[in-house]
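Okay, thanks everyone, let me get this up on the screen. I'll walk you through a few spots, starting with the metal site.

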Amino acid sequence: MHQILLKRLKRLSLAVERLGHGELHSYFLDFKPDELGMLNRAFVRMSNEINQLVDGLQLKINEKEQAELLARKLSKAVSFSSSGIAITNKHLEVEYVNPYLEMMLEQPKQNWQGTLLFDFFIADMQPLSDEILKALEMRQHWHGDLLLKVIPQEESTKWVSLAIAPIRDEKAEVTHYVATLQDISFIKQSQKKMEQLAYYDALTGLANRSYFRDQLRKAISMSQRGYYSFALLYFDLDEFKLINDTLGHDAGDELLIEIARRLKSRLRDDDLIARLGGDEFAVILSDIKDKVQAGSIASKLQQAFLNPVRLGAQDVSISASIGITVAPDDAVDEELLLKHADLAMYEAKARGKNTYRFFSPQLNEAANERLLIESQLREGIREQQFLLYYQPKIDLVADMLVGYEALIRWLRPDNTLVPPNRFIHIAESTGLIVQIGEWIILEACRFLARQHSRGYAVSVSINLSARQFHDEQLTQTIEQIIRRTGVDPAYLVFEITESMLMGDIDAAIKQLNQLKRLGVSLSIDDFGTGYSSLNYLKRFPVDELKIDRSFVKDIPDDQNDMDIVAAIIAMAQKMQLRVVAEGVESEVQAEFLKQNACYLVQGYYYSMPLAEQELSHLTFTINTQG
Ligand code: C2E
Ligand code: CA
Ligand code: CA
């Protein structure tokens with residue numbers, strides 16, 4: 001009995017001892033229904049509990065170690081991050097900034113401690129703080145771009161992209177905020193550059209066409225709301241192409257820059273000036289009372305062209321033609337306004353340039369007619385509706401028909417005969433004249449060839465338009481036609497007007513010389529109406545002057561005209577030029593011209609311009625007249 005008890009006690013004390021050494025399992029204790037058995041049971045229960053506690057403790061320790069590792073990793077990530085990171089308390093007072101943020105805003109940690117995040121916003125951005133607070137309350141995060149102060153240089157600022165989000169505790173209460181800041185100054189810079197490219201003209205720095213259109217739309221919608229008028233001015237520099245071509249593109253650029261500067265300095269702050277391309281500028285004059293005010297600003301703007309522009313060693317004079325339209329009076333449609341201003345500008349150009357003109361409904365009608373004629377002209381070219389009439393040129397001394405002037409007619413499908421003054425200027429402004437003109441030269445040369453083959457040694461005079469004359473291909477075209485038709489160039493006369501020779505005198509002389517080299521002769525048409533000075537005249541290699549009809553028509557009633565005609569004849573003789581009088585309608589006129597030694601004449605007195613088939617009996621008629 002003693003033995004048995006002792007054995008059981010020994011086993012229990014061994015188990016207690018093992019427990020003391022941390023061995024928690026496999027005790028061979030009995031649970032007999034006596035005191036010792038109960039003691040054993042209590043011991044095992046207790047040791048199991050200890051067992052569980054120790055296991056739980058171990059788990060906690062492991063978890064804690066894991067968490068610490070993570071926290072260490074996070075804090076490393078935050079401090080080495082290449083984004084600026086700040087942690088604030090729930091009142092947005094800064095508690096922590098990472099080194100990158102210190103560096104980004106050039107402010108040491110001490111400067112941040114306890115300050116509000118908003119303190120780093122520049123003054124203009126302060127209103128954002130309210131927005132941010134509201135957003136954090138509602139959506140609980142905020143994200144946006146803004147300008148921060150960079151100290152120590154108070155002036156300098158930096159664009160950042162800022163994101164703020166809350167940190168919460170277990171009860172979901174906000175305890176902190178974390179703010180990440182990304183330096184986006186370079187993005188902002190390139191954005192600005194892109195805007196610059198998108199909205200401004202690179203050469204002059206003025207607004208460009210697309211920005212101008214935007215502003216025009218805005219102005220229109222304002223004027224539609226009532227009580228607001230504005231004026232749209234369209235500028236086109238006169239003779240810019242000439243300057244560009246003769247002095248080079250660099251000089252042209254310089255000129256544009258200078259003009260842009262001068263125009264801008266004459267505008268009010270609220271007005272917009274844009275370069276629409278090439279040598280075209282446009283201005284929106286905001287809040288205009290009436291046309292009078294728009295006109296007075298236009299003439300002020302025109303003073304920008306008063307002084308010549310210095311380009312290299314040269315002073316260059318330049319002028320502009322300005323078209324003006326007023327909204328909402330003239331129109332409230334964008335395209336229409338632009339069209340109106342353009343029309344008015346062309347009207348200004350037609351009125352001798354260097355001037356401004358307002359849009360008017362009549363201009364619109366004229367433009368519509370022009371458009372109609374233009375499309376009809378194209379059809380005319382396709383359908384060969386043009387024909388040449390010929391007006392005889394008479395030698396009063398020999399009493400002979402010595403030549404013809406070719407004059408174009410347009411026979412419309414309805415059989416009307418359209419005179420050239422109704423369509424030549426449109427053919428000219430649309431460039432169609434080059435095509436038509438080539439046909440005229442060919443047709444006139446064929447006519448000449450036929451006359452010569454019949455034994456009439458007559459000449460033919462062909463009118464050249466400005467566009468044709470300035471066409472570089474002209475000489476070549478004529479040369480080819482001469483070769484093709486086999487005519488003797490000595491019998492060809494080309495008529496050009498004085499105004500075509502003005503402008504770039506040297507280029508004109510060059511062109512004249514090239515033509516002369518073909519063996520043709522050259523005549524200055526409508527002489528006396530232009531403004532050629534004698535000086536220039538001497539330099540032009542021409543053979544003939546044609547006294548304009550306006551001086552002939554009032555002979556013998558207008559003494560002044562008679563004096564002018566006599567003077568022109570005398571001058572022509574001195575310069576050894578042939579002189580022709582056009583528009584002779586009476587015997588008295590012919591007699592006066594003969595008396596003053598002008599022997600070549602043209603006019604209704606001798607013959608109207610006629611179709612070729614009506615000319616056959618003409619030599620005879622004229623011969624019997626004299
Ligand atoms: P222009 O070169 O001065 O031509 C003379 C114009 O005066 C012609 O008018 C002619 O018919 C007209 N005329 C001739 N004698 C008299 C007269 O005694 N009294 C009056 N009142 N008029 C007379 P047209 O044919 O209508 O031509 C008008 C203008 O059209 C021409 O003026 C010329 O500038 C232009 N033109 C005519 N044909 C051509 C052409 O083939 N090419 C080009 N580029 N222009 C042309
Ligand atoms: Ca002529
Ligand atoms: Ca003439």
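This is a predicted model: local features need pLDDT of at least 70, side-chain atom pairs count only at pLDDT 80 or more; totals for chains, interfaces and linings use all residues.

So, along the chain, the donors of the calcium ion (ligand 3) follow the spacing D-D-x55-E. Donors here are N, O and S atoms within 2.8 Å of the metal, or 3.2 Å for Na, K and Ca, and water is not among the atoms, so sites may look incomplete. The protein donors are Asp525 (OD), Asp526 (OD), Glu582 (OE) and Glu582 (OE), at 2.2 to 2.6 Å from the ion.

Residues are numbered from 1 along each chain as its sequence is written, chains are lettered from A and ligands numbered from 1 in the order in which they are written, and side-chain values use heavy atoms, with hydrogens and water left out.

Back to the site: are Asp525 and Asp526 buried or partly exposed? Asp525 is buried, at 9% relative accessible area, and Asp526 counts as partly exposed at 26%. The cut-offs are under 20% for buried, over 50% for exposed, and partly exposed in between, with a 1.4 Å probe and protein chains only.

Next, the sheet. Five strands make an open, mixed sheet in the order E7-E8-E6-E11-E12. E7 (272-277) and E12 (356-358) are the edges, each with a single partner strand, so one side of each has no neighbour in the sheet. Twist averages 20° from one strand to the next; axes are lines fitted to C-alpha atoms, and angles run from 0 to 180 degrees between N-to-C directions. Strands are DSSP runs (E, at least two residues; helices are H or I, at least four), numbered from the N terminus, and two of them pair if DSSP finds at least two bridges between them. Inside the sheet, E6 (residues 230-238) and E8 (residues 280-285) run antiparallel, joined by six bridges, and Leu232 sits opposite Ile284 in E8.

Last stop, a hairpin. E1 (residues 84-89) and E2 (residues 94-97) are antiparallel over three bridges, and Thr88 has Val94 in E2 as its bridge partner. Four residues lie between the strands, and Leu92 takes a positive phi near 65° in this hairpin.
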